[in-house]
Amino acid sequence: MKFLSLSLMLILFLSACTGIDEPLPHQELDLREASKALQESISDHGNGIFLYENENGSSLVVLNGSVVDQNAKKAPYDENIDFEVREGTLWISITEHFEKNYLHKELTNQLIYRINRNEFKESYDTIKVLKNDKEIPLTGVTIGEF
């Protein structure tokens with residue numbers, strides 16, 4: 001009996017350690033692999049946070065900071081992007097920084113994330129954005145295929 005209990009505990013422990021690859025509710029995409037239409041749409045809109053929605057439960061969140069303010073001579077870039085559902089709201093948290101010596105640096109100033117609505121543990125009907133801990137509106141929303 002003791003051997004059976006130890007065997008069962010070992011099996012449970014090993015199965016917990018291996019983990020199961022669950023699909024993530026969001027994933028970063030490579031801009032170079034995006035459709036030409038999406039790339040053109042991103043470059044046409046300028047800086048901001050854009051939501052692209054389609055009818056199959058998938059959305060794209062685009063963070064575009066590629067337009068440099070020539071007067072301020074600084075380039076925006078984003079880090080620490082996080083997606084969390086709380087009380088029916090999808091919160092997108094972003095930390096924005098500015099770089100003055102941007103000519104010789106590769107900045108993360110254009111990011112695309114695919115959001116799979118069905119993969120979050122909770123459902124949501126509202127999307128809100130926090131940039132540097134301040135709530136800001138989305139710059140634009142586009143509905144259709146991407």
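## Aromatic and charge contacts

The structure holds one aromatic pair (ring centres of Phe, Tyr or Trp, the last by its six-membered ring, within 6.5 Å; planes under 30 degrees apart are stacked, over 60 edge-to-face, the rest tilted). The model is predicted: local features need pLDDT of at least 70 and side-chain atom pairs pLDDT 80 or more, while totals for chains, interfaces and linings use all residues. Residues are numbered from 1 along each chain as its sequence is written, and side-chain values use heavy atoms, with hydrogens and water left out.

The charged end of K74 is placed over the ring of F98, 4.6 Å from the ring centre (criterion: NZ of Lys or CZ of Arg within 6 Å of the centre and within 35 degrees of the ring normal).

## Five-stranded sheet

Five strands form an open sheet with mixed pairing, in the order β1-β6-β3-β2-β9. Strands are DSSP runs of E with at least two residues, helices runs of H or I with at least four, numbered from the N terminus; two strands pair if DSSP finds at least two bridges between them.

Four bridges link β1 to β6 (residues 110–116) in the antiparallel sense. H26 stands opposite I115 in β6. Helix α2 (residues 36–45) lies across β2 (48–53), β3 (58–64) and β6, and runs at about 145° to β2; contact means heavy atoms within 4.5 Å.

## Four-stranded sheet

A second open sheet, of four strands with mixed pairing, has the order β4-β5-β7-β8. Its edges are β4 and β8 (134–136); each has a single partner strand, so one side of each lacks a neighbour in the sheet. The twist averages 30° from one strand to the next.

Strands β4 (residues 75–86) and β5 (residues 89–99) pair antiparallel over 10 bridges, with E84 opposite W91 in β5. The two strands form a hairpin with two residues between them, and E87 in the turn has a positive phi of about 50°. Strand β7 (residues 126–131) and β8 run antiparallel and are joined by three bridges; V129 has I136 in β8 as its bridge partner.

## Largest pocket

The largest pocket holds about 240 Å³ of space. A pocket is an open set of points on a 1 Å grid over the protein atoms alone, where a 1.4 Å probe fits, with protein on both sides within 12 Å along at least five of seven lines; lining residues have an atom within 4 Å of a point. Grid points are joined across faces, edges and corners, and the volume is the space filled by probe spheres set on them.

The lining includes E28, L29, D30, R32, E106, N109, Q110 and I112. The elements giving two or more residues to this lining are β1 and β6, and β6 supplies the largest share, three residues.

Definitions and conventions. Axes fitted to C-alpha atoms, helices over the stretch in contact; angles between N-to-C directions.
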